[in-house]
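Me: I've got a model open and want a quick walk through it. Can we start with how the strands are named?

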Amino acid sequence: MTIDHQQWTPLSVEALGEVRDDAFHITAAANMASIAAEGFRTDRRGVLGTGAYFDLGSEVTGWVPARERYPDQPLIVFRCEVALGQVLDLDDEETRARFIKFQRGYVQEVGREEGARLGQGGHIDEFLNELAESGEIYDTIRRTFTTDGLTRIAVRDAGRIRVLSVHDEKGVELPWPPISH
């Protein structure tokens, strides 16, 4: 399936929600062709649950995890526009309190070992599943991290992501979509 990254998935204005044009994703250059052909992978779990991960406002903190994941490969930076849709904002005190209450009960239910195996991201996924059962559906998870003060998001639907530009580690702009040979 080829995705037209210049057009949004058909969504109503209400469903788009806030649109951010300062979402940065750093990955191995080798992933560029698959992202062009298939879109961003939203099936990988991280600390904010399952989704495609972006730093908002800056690419600065994305370099360290990308370098750890792809230690001997050249990296590239995607600057994207993201339609956030319904956001589960873990910076919101009430939402955070709801999640912590859920998390405590969940770990009691599944046990410490299983809770540890799933990790924070697995707990968020289970929290989202419980919320969905009562009709609360979220497209994006947002959290500001105390370690660096930057906000990261996990986008759960690749159709909400549109690539604006791509550059390499030296800041050289790369063609998007990539030129195939």
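This is a predicted model: local features need pLDDT of at least 70, side-chain atom pairs count only at pLDDT 80 or more; totals for chains, interfaces and linings use all residues.

Me: OK. Which strand has Asp22 in it?
Reply: Asp22 sits in strand S1.

Me: Is Asp22 buried or exposed?
Reply: Buried. Its relative accessibility is 16%, and the cut-off for buried is under 20%, so Asp22 qualifies.

Me: What does the Asp22 side chain pair with in a polar contact?
Reply: The side chain of Arg20, at 2.7 Å.

Me: And which residues does Asp22 touch, leaving out those up to four places away in sequence?
Reply: Asp55, Leu56, Gly57, Arg79 and Cys80.

Me: Zooming out. What's the strand order in the open sheet?
Reply: S6-S7-S8-S4-S1-S5-S9-S10. That makes eight strands, with mixed pairing.

Me: Let's do S9. How many of its eight residues are buried?
Reply: Six, so strand S9 (residues 161–168) is mostly covered.

Me: How does S5 pair with it?
Reply: Antiparallel. S5 (residues 75–83) and S9 share seven bridges. Within that pairing, Ile76 has Asp168 of S9 as its bridge partner.

Me: What about S9 and S10, how many bridges there?
Reply: Two, again in the antiparallel sense, with S10 covering residues 173–174. His167 is opposite Glu173 of S10.

Me: Which residue in that hairpin takes a positive phi?
Reply: Gly171, near 90°. Four residues lie between the two strands of the hairpin.

Me: And S7 with S8, how many bridges?
Reply: Five, antiparallel. S7 is residues 140–144 and S8 is residues 151–155. Arg142 stands across from Ile153 in S8.

Me: Switching to pockets. What's the volume of the largest one?
Reply: About 800 Å³. The lining has 28 residues.

Me: Which of them lie nearest the centre?
Reply: His25, Ile26, Ala52, Tyr53 and Arg69.

Me: Which elements supply at least two lining residues each?
Reply: Strands S1 (19–28), S2 (45–46) and S4 (52–56), plus helices H2 (32–38) and H3 (63–69).

Me: Last one. How do the lining residues divide by type?
Reply: Twelve are nonpolar, nine polar and seven charged.

Key: Residues are numbered from 1 along each chain as its sequence is written. Side-chain values use heavy atoms; hydrogens and water are left out. On a 1 Å grid over the protein atoms alone, a cavity is a set of points where a 1.4 Å probe fits but cannot get out, and a pocket is an open set with protein on both sides within 12 Å along at least five of seven lines; lining residues have an atom within 4 Å of a point. Grid points are joined across faces, edges and corners, and a volume is the space filled by probe spheres set on the points. Ala, Val, Leu, Ile, Met, Phe, Trp, Tyr, Cys and Pro count as nonpolar, Asp, Glu, Lys and Arg as charged, and the others, Gly among them, as polar. Buried means under 20% relative accessible area, exposed over 50%, partly exposed in between (1.4 Å probe, protein chains only). Two strands pair if DSSP finds at least two bridges between them. A polar contact is a pair of N or O atoms within 3.5 Å; within protein, one must be able to donate a hydrogen and the other to accept it, and residues adjacent in sequence count only if both atoms are side-chain atoms. Contact means heavy atoms within 4.5 Å.
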